[in-house]
Amino acid sequence: MVCQKSYSQYPNRIYCDHQWGAHETFIYDTVKRRFTFSQMVGGFVSNAPDADTDVLYAGTCRKF
């Protein structure tokens, strides 16, 4: 992934995009320590073992 600082209206955010066509993004707020991660491959929800299913995760990081 290639990461860069956010636009001026969100100075505490870092945006990362996968550059090899995986359609993955990661957004991290350095102050609130919150993140979102998405992988959008145009798939569909399925129980098949080879299914391409889009995902979206959100959470909070903590120091350890």
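**Figure 1. Surface and burial in the predicted model.** The accessible surface of the protein amounts to about 5400 Å², and carbon and sulfur atoms contribute 55% of this area. The model shown is predicted. The protein has 64 residues, of which 16% count as buried.

**Figure 2. Secondary structure and contacts of the protein.** The protein contains 5 strands and 0 helices. Read from the N terminus, the order of its elements is β-β-β-β-β. Among contacts in the protein with a separation of 6 or more, 15% are between residues 24 or more positions apart.

**Figure 3. The disulfide between Cys3 and Cys16.** The count for the protein is 1 disulfide. Cys3 and Cys16 are the joined residues, with an S to S distance of 2.0 Å. The link of Cys3 and Cys16 is right-handed, with 110° about the S-S bond. Distant parts of the chain are connected by this pair: Cys3 lies in strand 1 (residues 2-5) and Cys16 in strand 2 (residues 13-17), 13 residues apart.

Figure 4. Cys3, the partner of Cys16 in the disulfide, is partly exposed, with a relative accessible area of 47%. Cys61 also counts as partly exposed, at 32% relative accessibility. The values for Cys3 and Cys61 are assigned to this class because partly exposed denotes the range between the buried limit of 20% and the exposed limit of 50%.

Note on methods:
Residues are numbered from 1 along each chain as its sequence is written. This is a predicted model: local features need pLDDT of at least 70, side-chain atom pairs count only at pLDDT 80 or more; totals for chains, interfaces and linings use all residues. Side-chain values use heavy atoms; hydrogens and water are left out. A disulfide is a pair of cysteine sulfur atoms within 2.5 Å. Helices (H or I, at least four residues) and strands (E, at least two) are DSSP runs, numbered from the N terminus. Buried means under 20% relative accessible area, exposed over 50%, partly exposed in between (1.4 Å probe, protein chains only). Contact means heavy atoms within 4.5 Å. Accessible areas come from the Shrake-Rupley method with a 1.4 Å probe; for residues, only the protein chains shown count as cover.
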